[in-house]
Amino acid sequence: MSSNISRRDFLRLAGMAATATAATAAQAALAPEARAAGAVTAPQWESKFGACDMCFNRCGLIARVERGVIKKLDPNPKFTKSRGMLCARGNAGVDQVYDPERIKTPMLRVGNRGEGKWKAIGWDEALDLAASKMKDIAAKYTRCGMLFSAGADTQSQFVHRFAEAFGSYNITSHESLCLLSGNRAFVDTFGDVPLPDVRSSKYVILAGANRMEALVTPDSMDLMTIMREGAKVVVLDPRYTKSAALASEWHAIKPGTDMAFMLALAHVIITEKLYDPKFVAERTSGLDQLAAHVAEMTPAWAEAETGIPAADILRMARELAAAAPAAMVYPGRRSSDYENSTQIRRSFAIVNALLGNWDRPGGLVPARPAGLKKVPFEPPFYDDNPPGRVDAKSVPLLFDDEGSFVITRENIIKGAPYPLKGWFVYKTNPMATAPDRRKTREMIDKLEFMVVVDIAMSDTAWMADLVLPAPSALERQDPVQALQAGAEGACLVWRDPVIPALHQSRPVFEILKTLSVKLGFPEAFDFDIPKYREMQLAALPEAAEILKRDGVYYPPNPPLGGTDGQPFKTPSTKIELYSNRYADLGLDPLPVYASPKASPDAGRKFRLVAGRSACVTQASSTNNALLSEFEPENTLWLNEESAKELGVKQGDVVQVESPAGKGELKALVTPKIRKDTVYMLSGFGTISGKLSHTTGVGASIVELMESRFDAICGNSAIHETFVSVKKKGAA
Amino acid sequence: MNAKLAMVIDSAKCIDCKACVAACKQANGVSRGVWRNWIKEAVPPVENGKLGRGHFQPGACMHCDEPSCVIACPTGATFKDKADGSVVIDPKLCIGCGNCIPSCPYGARFRDPVRRIADKCTYCPERRAAGLPPACVDTCPTKARVFGDISDPNSDAAKLLAANQGKVVRVIAKQNDTKPNMYYIASTAPDGWAVKPVNPLSFDALSQVVAPLVKYAVGLSGLGVLAMLGRQLLVGQKPDVGTPHEGPEKDKKEDGHDAR
C-alpha cells in the first residue's frame, strides 16, 4: 500500500485544489444543474452538558434536546481529556435511553429463577420487600450474609457506603474481573498506580493493551498524535488488532510470554548499562538482585519463548532506553489474563523503573491532585459479624476494598467460611463478565434473595428475585467525579439530568436512601446530591460555577517532578525492583518466568483470548440498537491455516468447547491471529429474554472460560482456557 | 463569492472506531441497515511473512463538481447547490427511481428503506445552520475528518489543503473523474474501489437532450413520477438496502480476503 500514490488512475493528485480556490465559485456555477437549495433552519434544541456513561471514560458531552427528547450527543469541546471526541458508543448513548427493552417498573420474579416470569410491582412494595429480605438475612447469617456488587458508575460509591452502614464487608466491583493485577503490581513496585503520560512520550510499548479499540482517553488519541510527531509505538499482541495495524511495529507474541520479553528488555538495559545510574541508585532498590535474576535472560532466550526475533528485542531495548525518560512500557488496564498476571505486570513495572520515567514528561506520572473532599462517614461496628470478607486470606495480597469476585463466588457455593445468602447488584453483570457462567449460576442458586438495580435486563438481572429500574446517566443527578488525564491533570465532572427520568426509574442513590431509613441507619444518607456535591467541592469554591458554565472543571495542576526526593509508599521507600513485601510473604520477590502451560488435552489446541471492539463495552452495550449494527454477532477469529486443517471455511458455524462449557458461532477465517490462538468478543450468547440483539446470537465467552484467578491478588485470569474447535456437523 | 464545501481527510489518522458512522446515523436518523458514510479498510500488506501497517479510509458522498448522479436524476431532485457546492437531494422531488444509485461511482447513495427515496451525506445542513460542524467531523476522536469552505482561505479545510499542497489526492473512478470534493492528505488506501458510473441507456440519451430546466419542470409536474413508476417498483423488489455501500458489515466480510 505504500506506493499507492502512484496509482493515478484511482487516486488522482489534487494539486489544483490548494491553489485554484479562486476558480471554485466559477466551477460551482458551471456545474450541471446548479441551483440554490432553500435555507435550512437550525434545530430548536437546548444544549445541556453531561458525561458519557457508555464506558468508564466518562467523556464530557453536550446533549441536544428538542422538546424533551434527546436528539444527539456531541462531544464537549472544553472537555480536553477526550480531545473533544465522542466515540461510536458515546453517540449510541441515545439508544440506551430510548431502548424499548429497558426495565420500566420494579419487577418481581414469579416463576422459577431465570425462567423470565415477572410481575410489575410498585416502588413501595419493592423497597419494603428488599428491606425485609435484607433484615432477614442479617438476622439469620449476620450482616456479612449480604454481598454488594457495584459496577463502574458515579453512584457506585453510595453502594459501598450503604454496604458499610448495613454492616457487610462483602463488597465487590467489576475490577476483580479486570484491572487488579496491574494495580497490584504497580502498587507493590512504585507504591502507587501511575498514569501514563502518552502525550509527551517518544517510545511506547503496548503489551496486552489494544488502545485503538479498547479506547482510553486521552491515551488512544495521543498514541496516534505522537506517532505522527515521530514517536514509536510497538504493539505486542497475538492478534493483528487495529492497534497492531496502526502501530510503528507489531509482533504477534506468543500468548503468556510477555514477561519473558520484559525480562529480556531488563537484561539488555542492565548489561549494556542503558539505565540512568543516578536515578536507579537514588530511587530504586534491588538492582543487584535484578541484574543477577536476568543475567541469563538474553534476547535469544526470549526469542525462543515469545517468538519475537532476538535482534528485534535487542533493538527495541536500546531504542526504548535511548528515548528514556520519555519512554514507557504502557501499564495497561485490563490485566485479568493469567494466574501469574501480577508478576507479569511486575515485569512491566520493573522495566519502567529502569527507564527512570517516574514523574517525568512522557513517562509514568503519579495521579494529579483533584481537590475533591471525601464526605466523612463513620461506619457502625457489629460485633456479631465474622472477622472479615468471605474471600479474606484466600490469596496473599487481596485488595480489601475490592476482594475477588471469582473467589467470593467459590466460597458462596461452598458455604464457607460462612454462609452468604443475599446479593445486592448495581449496574454490574457477572453473569456476562465473570469467567465460567455456570458457576455464577450455581452461586446464585445458593442465594435466598437477589436484587438487581440496572437500566436494562442484563443476564444478571434476569436471574434476580427483584429487579429495580435505574435511569441512564442522562436522566439523573450525580456527585462530582474526578478523572485523570496523565500529566495534564485531573478534571472534575458532574451530571444533571438532561431529560427527566423515564418510566418509573429511580437512581440507586434514592433507592439506597429509602432503604437506609427502612433499615434504621438514615444518618448514613443524611444528604441529597446537591448537598453532597457542596461537601465534595468545599475546597474548590469556584468549581461549581465553572462546572455549570463549561461542563468540566480543571483544578490547579502542579508541574511534574513534584515527587522528586519524596519517599515512595513501599516498604523500602524506594521503587522496589526486588519486592521486600513479596519476600516476606514467601512470594517470588522478582518475577520468575515459566513458559506458559501447554493445553492439558491434545483435542483442545487453541488458547482463547478476550479483547475489545471500539463499538463494544462488554455485555453492557452489545444490545444497543445502533451498536448492534456495527457488531451484530461475535465470530471466532481462527487463523486461516488452522481453519484449513480443521476444514473450516469463512462463515462456517463452528462448535467451540472447553471444560467450562460450549458455544456455537461463525468462524472468521483470517491471517490476523496466531495459529495457536482464537478470539471472540464478549457480550453475546446472552440468556436474558430482554436482550433481543444478543440472546441466541453468537457464543458466550464466559460460558467457555474456565474459572481461574491471579495467585497473588485474586483477579480473574481469563486467558488460561484452551478450547477445541470443530466445524458444526463434522465428526 | 460562493462557498465550496469540502472534506479534507487525513486517513492516516483514522483508527476505524466508527464514531463518525454512529454520529451520522444518530444526527440524521439514518435507517437501520443503511449508511451515509463509511470507513474502508485496506487489505494489509504482507511483509516478511507477516501483516504490515494497516490503513483505514473514512468516506462519504464527495459532493463532486461534475456529479454523475445529477445527470442520472430524472426529476431534478438531485442538484448541485449554487451557494455552497454541495450535492443536494430534494426529498419532495425524489421519486425513488434509483437511477442515481448505480450512477455514483463511489457507492455513496442508497435507497432509504423507510422513506423509499434516495439518500446520502448532506454535510448536516441543520447542524451547520446551528453553527456546528457535520456530526462525523465533530465527533472524530483523532480529527481525521476536517470540513469547511475551501474557497475561504481561512477555513480549517483550506488551510489543511494549502499546508499539504502537492500531497493531496482524491479517490476517483477509473477514467471517470467526477471532480470529487473529498481530499485525502498525502496518500490513502484502499484505492481502485470506485466503479464506473452506470446510467440507464435511455436515460443517458434523455439527459443529453433535455435541458436541465425542463427536467426540473418534469419533476415538479409529476410526469417523472409516472415515467419512472415501473422502475421504482422493480427497484423496490431488490434487496438494495445498502447495496453499493460499504458499511461496517461488509468490512467485516472482507477480513477473509486479506490473505490474497
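**Entry 1: terms and model.** Helices (H or I, at least four residues) and strands (E, at least two) are DSSP runs, numbered from the N terminus. I note that residues are numbered from 1 along each chain as its sequence is written, while chains are lettered from A and ligands numbered from 1 in the order in which they are written. The model is predicted, with local features needing pLDDT of at least 70, side-chain atom pairs counting only at pLDDT 80 or more, and totals for chains, interfaces and linings using all residues.

**Entry 2: confidence.** I looked up pLDDT, the predictor's confidence in each residue, from 0 to 100. Chain A averages 95, and 95% of its residues score at least 70. Residues 1-9 of chain A stay under 50, and the model has 14 contacts for them beyond four places in sequence. A contact means that the C-beta atoms of two residues, placed from the backbone, lie within 7 Å. Residues 15-31 of chain A also stay under 50, with 33 such contacts. Where pLDDT is low, the predicted coordinates should not be read in detail.

Entry 3: B:P190 sits in the loop between β12 (182-185) and α7 (201-209) of chain B. In chain A, a cis bond links A:A416 to A:P417, and omega is about 5°. The loop that holds A:P417 runs between α16 (405-414) and β17 (422-426) of chain A.

Entry 4: Most residues other than glycine have a negative phi, and most peptide bonds are trans. I noted A:K273, which is not glycine and has a positive phi near 50°. Is A:K273 buried or exposed? A:K273 has 9 other C-beta atoms within 10 Å, so it is exposed. The cut-offs are 20 or more other C-beta atoms within 10 Å of a residue's own for buried, 12 or fewer for exposed, and anything in between for partly exposed, with C-beta atoms placed from the backbone. A:K273 lies in the loop between α10 and α11 (277-283) of chain A. In chain B, B:K143 has a positive phi near 55°. B:K143 is in the loop between α5 (135-139) and β10 (145-149) of chain B, and it is partly exposed, with 18 other C-beta atoms within 10 Å.

**Entry 5: two covered helices.** I counted 11 buried residues out of 11 in α7 (180-190) of chain A. Among them are A:R184, A:F186 and A:D188. The cover over α7(A) includes α15 (341-355), β22 (575-576) and α23 (580-585) of chain A. Just after α7(A), A:G191 has a positive phi of about 80°. For α15(A), 15 of 15 residues are buried. α15(A) reaches 22 Å from its first C-alpha to its last, close to the expected 21 Å; the expected span is 1.5 Å times one less than the number of residues. A:G356 follows α15(A) with a positive phi near 60°.

**Entry 6: an open sheet.** I traced a sheet of four strands in chain A, in the order β13-β12-β11-β15 and with parallel pairing. β13 (249-251) and β15 (327-329) of chain A stand at the edges with a single partner strand each, so one side of each has no neighbour in the sheet. The twist averages 10° from one strand to the next; axes are lines fitted to C-alpha atoms, for helices over the stretch in contact, and angles run from 0 to 180 degrees between N-to-C directions. Strands pair if DSSP finds at least two bridges between them, and β12 (232-236) and β13 of chain A have three. A:L236 has A:H251 as its bridge partner in β13(A). Helix α14 (310-323) of chain A lies across β11 (203-207), β12, β13 and β15 of chain A, at about 130° to β11(A).

Entry 7: I looked up which residues of β25 (653-657) of chain A are covered: A:V654 and A:V656. A:V653, A:Q655 and A:E657 form the uncovered face. β25(A) is antiparallel to β26 (662-670) of chain A over five bridges, and a hairpin of four residues joins the two. β25(A) also pairs with β28 (722-727) of chain A, antiparallel, through four bridges. A:Q655 stands opposite A:E664 in β26(A) and has A:K726 as its bridge partner in β28(A). A:V654 and A:V656 are also among the contacts of A:L636. A:L636 is one of the residues with the most contacts inside the largest nonpolar core, which has 301 residues. Helix α10 (258-271) of chain A gives this core its largest share, 11 residues. Such a core is a set of buried Ala, Val, Leu, Ile, Met, Phe, Trp, Tyr and Cys residues joined through C-beta atoms within 7 Å.
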